[in-house]
Amino acid sequence: MQRRGGYPREKFCDQKTSEIYRCRICTDVCRSPVTCKSGAHLFCLDCLTERIFSLDCLIESKEQYSSCPVCREKLTNPLPSAFVAAQVSALDVVCVHDKCQWKGTCGRLDGHLDSDCPHEPIKCSGDGGCGALVPRGEMSEHQWCACLQRCPNVAKYRFVIVRDGNGENESLVSMLGVDNLEMCKVRMSRKDMNNHLNNDCILRMIRCPHPHCEMSVAYCRLPAHLIACPHSPESCPLHCGAPNLTRQSLGAHKMDCPNEPVPCVHAHLGCSYVAPRGQIGQHEQDAGIHFMALSKAFVEQQRQNAILESKLQAIATQLEPLALAKAVKQGKAEQRAEEAQSKKPRPRKPTAKKPRLSKREMASPDNESSSDR
């Protein structure tokens with residue numbers, strides 16, 4: 001831990017000798033001593049740096065603060081004094097805390113305060129520490145009794161759509177998943193943390209109370225899980241009284257439920273009777289003879305229909321070559337019509353006739369000259 005300022009003068013065993021190495025700014029014994037150019041005045045490095053670069057000093061007084069407060073020499077480059085540092089390190093001191101009985105050289109004082117002194121204030125910075133400054137010797141008691149630590153529980157969940165037993169109504173509930181994070185923000189002392197994690201934390205993981213369900217969910221998400229848990233106990237919506245039904249087995253139970261309305265097995269013969277599965281057997285037994293006759297008639301009708309279908313198939317097979325020949329003949333006729341259309345002579349363009357000349361015009365010298373040409 002870095003400390004600022006000098007060593008307290010009253011903690012040195014030799015008060016007269018410690019006066020020689022006193023800082024001219026903080027008046028304590030110099031820590032990391034430096035001197036001005038003259039070498040006559042000592043300062044702590046931190047005290048001098050803070051004086052020169054203090055943000056509180058005005059711009060016009062900057063020159064005043066950057067000079068030695070004793071001899072007014074400029075302190076642009078303060079000189080470290082290794083000799084003074086060695087002399088100060090060799091002086092005997094006691095611990096800066098009055099309750100501590102430690103005694104040693106000044107060079108070992110900082111190491112004692114950083115690691116051994118039970119009265120040195122340190123920051124509570126453990127797992128979930130509160131950041132308070134507590135004496136080192138009291139840190140364990142502080143973390144156990146007084147330090148308010150945050151509960152480490154974190155829950156991951158997602159929102160899913162859940163339908164009721166009839167598959168009609170839908171509701172949006174949050175389930176344990178990976179889409180969202182929720183952290184427990186309760187802070188308490190460490191001595192109460194164990195009880196909180198096991199009994200009070202809303203994000204503590206608990207197992208589903210339904211038999212055969214092995215899923216563990218956060219306590220605050222348990223009601224949502226119970227709504228969608230496939231092993232949740234259910235009762236038959238038709239009130240048949242079947243035991244040990246769950247949401248997962250409800251669909252399979254519907255195929256065997258005695259109160260489920262089912263049609264008669266002779267529905268394909270025209271029977272429209274519908275009754276619960278447990279009562280349909282009596283109906284089928286009472287009307288067995290009647291439906292047996294209908295069944296024979298229906299079978300005979302199906303046989304005749306099959307015969308007619310086979311005959312129609314045979315006729316279609318016989319007509320297929322005739323239809324093919326007719327199509328070929330029609331195609332050839334169309335081809336001949338196209339060829340005849342292409343062989344018609346094209347009309348010639350009319351040519352202009354030359355005028356016929358009379359004998360006198362033909363015997364004229366002009367006509368002869370033109371013919372010579």
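1. A patch, as the word is used in this note, is made of residues with over 30% relative accessible area and no salt bridge, and nonpolar side chains are joined into one when they lie within 5 Å. In this predicted model, such a nonpolar surface patch, of about 430 Å², is made by Leu312, Ile315, Leu319 and Leu322. One of these residues, Leu319, has its place in helix α11, which covers residues 288–342.

2. Turning to the protein chain as a whole, a reader new to the structure will find 13 helices and 16 strands in it. Of the 373 residues in the chain, buried residues make up 26%, while the accessible surface comes to about 26800 Å², with 54% of that area belonging to carbon and sulfur atoms.

3. On contacts along the sequence, those counted here join residues at least 6 apart in the protein chain, and among them 32% are between residues at least 24 apart.

4. Among the strands, three form an open sheet, in which the order is β2-β1-β3 and the pairing is antiparallel. The edges of this sheet are taken by β2, at residues 42–44, and β3, at residues 79–80, each of which pairs on one side only.

5. How many bridges join strand β1 to β2? There are three, and the two strands, of which β1 spans residues 33–35, run antiparallel. As a detail that can be followed in the structure above, proline 33 has cysteine 44 of β2 as its bridge partner.

Note on methods. Residues are numbered from 1 along each chain as its sequence is written. This is a predicted model: local features need pLDDT of at least 70, side-chain atom pairs count only at pLDDT 80 or more; totals for chains, interfaces and linings use all residues. Side-chain values use heavy atoms; hydrogens and water are left out. Helices (H or I, at least four residues) and strands (E, at least two) are DSSP runs, numbered from the N terminus. Buried means under 20% relative accessible area, exposed over 50%, partly exposed in between (1.4 Å probe, protein chains only). Contact means heavy atoms within 4.5 Å. Accessible areas come from the Shrake-Rupley method with a 1.4 Å probe; for residues, only the protein chains shown count as cover. Two strands pair if DSSP finds at least two bridges between them. Patches are made of residues with over 30% relative accessible area and no salt bridge: like charges are joined within 9 Å, nonpolar side chains (Val, Leu, Ile, Met, Phe, Trp, Tyr) within 5 Å. A salt bridge is a side-chain nitrogen of Lys or Arg within 4 Å of a carboxyl oxygen of Asp or Glu.
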